[in-house]
Amino acid sequence: MMERKLTILYGSQSGTAQDLAEQIWRESKMYFFRGNVLPMDEYDVSELIGERFVVCVCSTYGQGEEPDNMKRFWKFLLRKSLPTDSLQQVHFAVLGLGDSRYPKFNYVAKKLHKRLLQLGGAALLPVGLCDDQHDLGYGAVFLPWIDQLWEELGRIVPLPAGTHKLPESPREFRWKVELVEKCPQQTEAIDLYADVTMPNGFQTVVVENRRTTAKDHFQDVRMITFEKKAVPWSSGDVLYVRPHNSSESIDQLFQLFQQHEIQLDRDTFVHVKAIDSEMPVPSILQRPLPLVVIAEQYWDLTAIPRARAFAVLAKHCSNELEREKLIEFSRYEGQEELFSYANRPRRTILEVLQDFPHATKCLTLEALFELFQPIKPRAFSIASAVESGKLQILVAVIEYRTKLSVPRRGLCSNWLKLLTPGQVVNAWVRKSTFQLPADNKIPLVMIGPGTGLAPFRGILQERELSETPTSAPLVLFFGCRSSTADFHCEEDLKRMEQSGMLQLFCAFSRDQPDKIYVQHIIKQQGALLKKLLVENGGYVLVSGSSKSMPQAVKEALIEAIGDAQHIEDMIQANRYQEETWA
């Protein structure tokens, strides 16, 4: 009988691909498979040749880039010296996570699938292409895809006679969690990630946290300045930070514990331990820790729960009505209901726990580590040039209302809002998804409404401070509500315009009866844009909200230059690039 080993590898930038890989690993136990789940770069890729069954889950970042923790794995697979029959014994399946708003949708998964075929591997399934734009999220593709995976594996390696698929995974929890009776003496604040080394990582200090919008403006936007460190960056690069939960959310969690007679408080020390080598404990959790630190720095208390969370809640729920609803939300057939309950109103995991009191009362420590997703790092375009001596980001503080009575607040932006000068922050820099032309004489047309301005302010500042000023035309289309309320970096942009370095076009949507957006201004500049983009081979860079703006801008550019095919050719040649976010 063929060995029932299934190796599950992931390339994950924000943690979602890791979550799905772990779900596949958990379900594999129902079919009596064994095997590790780990990042591609922590896997000894030379062992791939000896594998029989491999599942790869990977996201696509920016302009078709692979995540940081699969770069070495991918580089190895691209070696031209690898024989085309290297993986002839390997059956594989690739699941991709992407966003169809981007031209290179799920590019990494498609490339990986193709390369594994080239090396002789046999595909168990067509590549799964999860789309963040789908109403039901990644689950719309992932849930049926994983069912097909077990069906195909069952055909190739059927269960031994007399053995049947288990009704649920015997591996309910990833780790075991123990209460520590003799608590260590805590003399100083704990930073969970202090010893975690990231590429281009560093500690920096807040220098200034300044509101850039008028006090009576509905939105708070911040220009946050950090100390410049030795880590270099280039124009448009991205700064990553990992936020902490608010004191209000932490208070709410421990109040829930108290209300439901769960004997856990802030000073409770816990020790997370591995059950086996297949699912190791992250290094940051490998020592006894007070629960308040985990609640502040590790569990995302504002996350919108996925189907897995409802399955965990249902497991030991004593109330039949609650249990039925939780099971419905956890299954593929109930995903539309789950979307209406959780995703559409942006209901947080803490609010879900309040809605299901009987299930909450039955929670164990192990279940809490399944229920709460880890806090994921957030990315912000760097809004300054190295030459300025400052590391700056432009942050819109997220707060909005849904049908729920309490306003929704962005975890990271509200954490950043409260940073004060002198506070230490762990951060790291990643290359921009924008790929600028090497020749500074090539025109740049930048389109950045709102905080989409950030990477362009860095690009412009670098050109302004350069010892060899550019002679290329630099054009910026900027948009905001009002010239007096939210005109970010107004002084800088007007100075650059007056010097002749920049052509600036502004759309202030609320300064006149009829709303005017950047796409309206673009349509008025047909002659200029045709000269820069068609005759002079210029680049278009678009930054900002991913909702309707990118498509409206693209349509406006097509109308302005009168040539849809030219815009498509620019996209294919990477001369038309977008960096957008939800």
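At 15% relative accessibility, Cys489 counts as buried (under 20% relative accessible area, with exposed over 50% and partly exposed in between, for a 1.4 Å probe and protein chains only). The model you are looking at is predicted, so local features need pLDDT of at least 70 and side-chain atom pairs 80 or more, while totals for chains, interfaces and linings use all residues. Residues are numbered from 1 along each chain as its sequence is written, and side-chain values use heavy atoms, without hydrogens and water.

Let's stay with Cys489 for a moment. This residue sits in the loop between β19 (474–480) and α15 (490–498) (helices are DSSP runs of H or I with at least four residues, strands runs of E with at least two, numbered from the N terminus). Its phi is positive, about 55°, although Cys489 is not a glycine. Most residues other than glycine have a negative phi. Glu261 also has a positive phi, near 55°, and is likewise not a glycine. You will find Glu261 in the loop between α5 (247–259) and β11 (269–274). Because its relative accessible area is 56%, Glu261 is classed as exposed.

Now step back to the whole chain. How is the chain divided into domains? There is domain 1 (7–156), domain 2 (201–242 + 377–430), domain 3 (247–374) and domain 4 (444–580), with bounds from an automatic or database domain assignment. Note that domain 2 is made of two segments, 201–242 and 377–430. Between the C-alpha centres of domain 3 and domain 4 the distance is 44 Å. Val196 belongs to the loop between β7 (175–179) and β8 (201–211). Although 88 residues separate Val196 from Ile284 in sequence, their C-alpha atoms are 7.7 Å apart in space. Val196 is partly exposed because its relative accessibility is 31%.

On a 1 Å grid over the protein atoms alone, a cavity is a set of points where a 1.4 Å probe fits but cannot get out; a pocket is an open set with protein on both sides within 12 Å along at least five of seven lines, and lining residues have an atom within 4 Å of a point. Points are joined across faces, edges and corners, and a volume is the space filled by probe spheres set on them.

The second largest pocket has a volume of about 1400 Å³. Its lining has 46 residues, and those nearest the pocket centre are Gln18, Pro39, Glu42, Asn69 and Met198. At least two lining residues come from each of α1 (16–28), β2 (37–39), α2 (71–77) and β17 (424–430). By class, this lining holds 21 nonpolar, eleven polar and 14 charged residues (Ala, Val, Leu, Ile, Met, Phe, Trp, Tyr, Cys and Pro are nonpolar, Asp, Glu, Lys and Arg charged, the others, Gly among them, polar).

An unreviewed UniProt entry lists a "binding site" that includes Ser12, Gln13, Ser14, Gly15, Thr60 and Asp132; such annotations may be inferred rather than shown by experiment, and positions follow the numbering used here, with shortened feature names. From this set, Ser12, Gln13, Ser14 and Gly15 are part of the lining of the second largest pocket. Thr60 lies in the loop between β3 (53–59) and α2 and is buried because its relative accessible area is 18%. Beyond residues up to four places away in sequence, Thr60 touches Glu65, Leu97, Lys104, Asn106, Tyr107, Val108 and Ala109 (heavy atoms within 4.5 Å). Asp132, in the loop between β6 (128–131) and α4 (139–156), is partly exposed at 39%.

Ile516 is in the loop between β20 (503–508) and α16 (518–523), partly exposed at 27%. Gln519 lies in helix α16 and is buried at 16%. Residues up to four places away aside, Gln519 touches Ala552, Val553 and Ala556.

Finally, how many cavities of 30 Å³ or more are there? The count is two. The largest cavity contains about 210 Å³ of space. Of its 15 lining residues, Asp19, Arg306, Arg308, Glu370 and Gln373 lie nearest the centre. Helix α1 gives the largest share of that lining, five residues. Domain 1 and domain 3 each contribute at least three residues to the lining of the largest cavity, whose classes are six nonpolar, two polar and seven charged. The second largest cavity holds about 40 Å³, and its lining has six nonpolar residues, one polar and no charged.
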